[in-house]
Amino acid sequence: MTLKNSDLDLSGEWKIQHFEVGEKRAMELAAAGLDDRFWIGADVPGDVHTALIQRGIIDPPYYGHNDAKSRWIEHKEWWYRTNFNCVKEMNAEDRFELVFEGLDTFATVYVNGHEIGKTANMLMSHTFDVTTIIRNGWNAVAVKFDPLSIHHRDKEQFDWSSYTKERPWLRKAAMNFGWDWGPRMVTVGIWGKVWLKRSTRAQLKSVYAQTRAASKQQALVDVTAEAASVESFRSKKRREHPISLTCDVRLLDAQGNEVASAHGLDVLAGQAKATLSVSSPRLWWTHDLGEPYLHTLEVVLYADGREVDRYSEPYGIRTMELALHNEQGESSFAFVLNGVKIYAKGANWIPADHLIGSIPEHRYRELVELSVEAHMNMLRVWAGGIYEKDVFYDECDRQGVLVWQDFAFANALFPDFNQDFMENVRREVENNVVRLRNRASLALWCGNNEIDWLYDMKSASGDITSPFYGELIYHELIPEALERLDPSRPYWPSSPFGDSHGMDANDPGVGDRHNWQVWHGSVYPRKQGEPPLLDYSVEGVTFKNYKKDMALFSSEFGMHASANRYTLEKNMPPGQFYWGSPEMAYRNKDTNHQKGILLMEGYTGIPQNIDEYMNFSMLTQAEGLRYGIEHFRRIKHRNSGALVWQLNDSWPGTSWSMIDYELLPKASFYYGKVFFHPVLLSLEHEPGEPLALWVVNDTLEPVRGQLQLRVYDFEGGNVYSSSYAAEVGPQSAVCVAKLNEAEALMGRRAQDVIVELSAEGFAAPSNRYFLRDPKEVALPESRLSVHVNEEELSVTVTAHHAIARMVKLELPLGRVRFSDNYFDLLPGESRTVRLRHPERGSLPLSELKVSAMNGREG
Ligand code: BMA
């Protein structure tokens, strides 16, 4: 939401204090004249934890076990106070509203000592009409936050609510209570912007713009503006005629030139409508298919001919559909952007920090930039967090990344039989739909995370005996609200969802699918009503299971990898940075730590020390995701998307993320620059089987040229070379050639070679493969020479004697961008890595460490 000149921004430093429940009377603490000079300063937007960390009152909670030391915060009653000056003219036709973008969670709001309302939902904005109690001059605002327990301790508990039984009644980010990648940090406070909104005579309530059709020649954009007069009781008495409201609607290009407009639209029954026709429109595309071009949509409201309100926001002209069938009438699950079926490449997004209110905006920008750098074109905002802040969607709109948006219902039953709860949910849904529906990036609304699927599994195993509480939300309340407020955008009730022939909601033949066979050891396929099975064995959890997955769209799959050294060392007490330390174990919140070990046991072997753990887990994740994603992309005729679980971290832990908490990518991220590249060269191969050489082309142009195959031994000797003509149409996957292992090996052992695919005549990154798993491969010792160019902030690494496996560059600093990292080098081969930091011109390059799994500098 953009503030206007007439609005008064109340963000900034407020005062906070905590009390025991019932210790003080609310009227005393809310009183306009209370002396709060001994209270603690706190930023708004923000949260209590961060305010206390910044002032040294609590220890930084991500260090060691400090999070446990901050648990007392959630048991207190917290108060926020501020005051402001405002000009209020007598008898003016003004309405004043106090707007909170985010209150976490059970708040009572007071203005000048008057209780003006209560809220019970962190996941939406709250607006209070304060016209009658705002004073000309000095005003005071106080907000009381109750401890959550008051609101759930007497409530019914359900059979199922993952990680805590408190959640189902509380409309608060689920991950606050702990998840399998993060600690319990129950936040409290004013987490969104606050402002006093002043409207004179009339206001725009909302603007809804929807691209009805878009082609090269013409686009039609339907715009509906909702407006109402804000006359006060007093001015109504004075006025003889009702105010006449009209609107102008304009679409401007990036230079500010008008490309379409409609003027003097009458507001009838609260609405003005226009269809803008744009000839030769510049459409909004994802960054990989074109330019994410943004126009500006402007709506100006006039009351009796005088401008009283104005909406002006970026708007991307584009259409979006979800195709559930392909041209042949077979099942599909494909996003269609401007009439073009796209392959969705990306990851799942969790809140960018546990302390949501205090996340700096640059963190959103950098995470979206990194996604684009790894060729991702879709992020799924997962249900256990929040409907993200505006800055997240601003970045996705601007950088050309689609958003799959879950409604905030994750892994639990919810009391859909309770009218107050459902009313709360209805307002949350409407509030967020209206806030986000004009976003070009917003591709899909999804009802929940894994609830329909897990309800079936848990009932089949006897863990749940109650009815499907919550079903009405995803199958009735939300679709009804969307029908009214955002009818053109696709809705999908849950993820995963869709079944046929008695299969469960994770059916590969219908809808989207989560693959938790890999890592969690779930046994697939499963029929509805069958007890779920787990296979905790090397074979049960291995990423090789991805190849059995014929999903139409893979919306979750992944595996753990260690965070980077800097991220771990920074947050662990001295002496704890070793494999198997209590602090390392504390970083891992997953159930059954054995899964990671099993995965590595089958692939790299079990690590013996922390360096091996970091390397082995990162290599396993990177190679495992590559194995899965290359498979999903090769079956492109069927599969239309691969979203990795998970993109980012909310604290410095061990998780499935590709980028750790300090915004340092893991190896899988750099692999992603190849496995998510729009033109992918890939080798499909299993030990002893033929080598199948593939080209996958996600672009809208054909690619033509030669596909080179080269086989090298570890000393860099060329064992075998061949070249194949490759002609691959737009948006297709082709197996260009197949050859026997023996032919490519020329008498060598398969564990002694590396295979390289490269393109000639078309642009595609080369891609390298070992033909056997790392635990079977004995790498000779390699040597690295490193040349640092301080001026250009670049580092050139050369391998000597033998191939260097997983060359990594480490700096003791967060947010550093390496143009490449975690790569293999043949002997004699060099790579120059450019380094960059979003805020620093120089970097501590003297502290740079360069190593490989099988070698060091020297
Ligand atoms: C899926 C997600 C998350 C979870 C992840 C890893 O269930 O939806 O709930 O963190 O798997 O277990």
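Predicted model: local features only at pLDDT ≥ 70, side-chain atom pairs only at ≥ 80, totals over all residues.
Residues are numbered from 1 along each chain as its sequence is written. Local features need pLDDT of at least 70 and side-chain atom pairs count only at pLDDT 80 or more, whereas totals for chains, interfaces and linings use all residues; side-chain values use heavy atoms, without hydrogens and water.

The volume of the second largest pocket is about 720 Å³. On a 1 Å grid over the protein atoms alone, a pocket is an open set of points where a 1.4 Å probe fits, with protein on both sides within 12 Å along at least five of seven lines, and lining residues have an atom within 4 Å of a point. The volume is the space filled by probe spheres set on the points. Of the 28 lining residues, Glu450, Leu454, Lys458, His520 and Ser522 are the closest to the centre of this pocket. Helix α9 (residues 451-460) supplies the largest share of the lining, four residues.

Elsewhere, helix α15 (residues 610-634) packs against helix α16 (residues 667-675) at an angle of about 25°, and their axes are 8 Å apart. α15 is therefore roughly parallel to α16, a term for angles under 35 degrees. The axes are lines fitted to C-alpha atoms over the stretch in contact, with angles from 0 to 180 degrees between N-to-C directions; helices are DSSP runs (H or I, at least four residues).

Methods: Helix = DSSP H or I, 4+ residues; strand = E, 2+ residues; numbered from the N terminus. Parallel < 35°, antiparallel > 145°, perpendicular 65-115°, else oblique.
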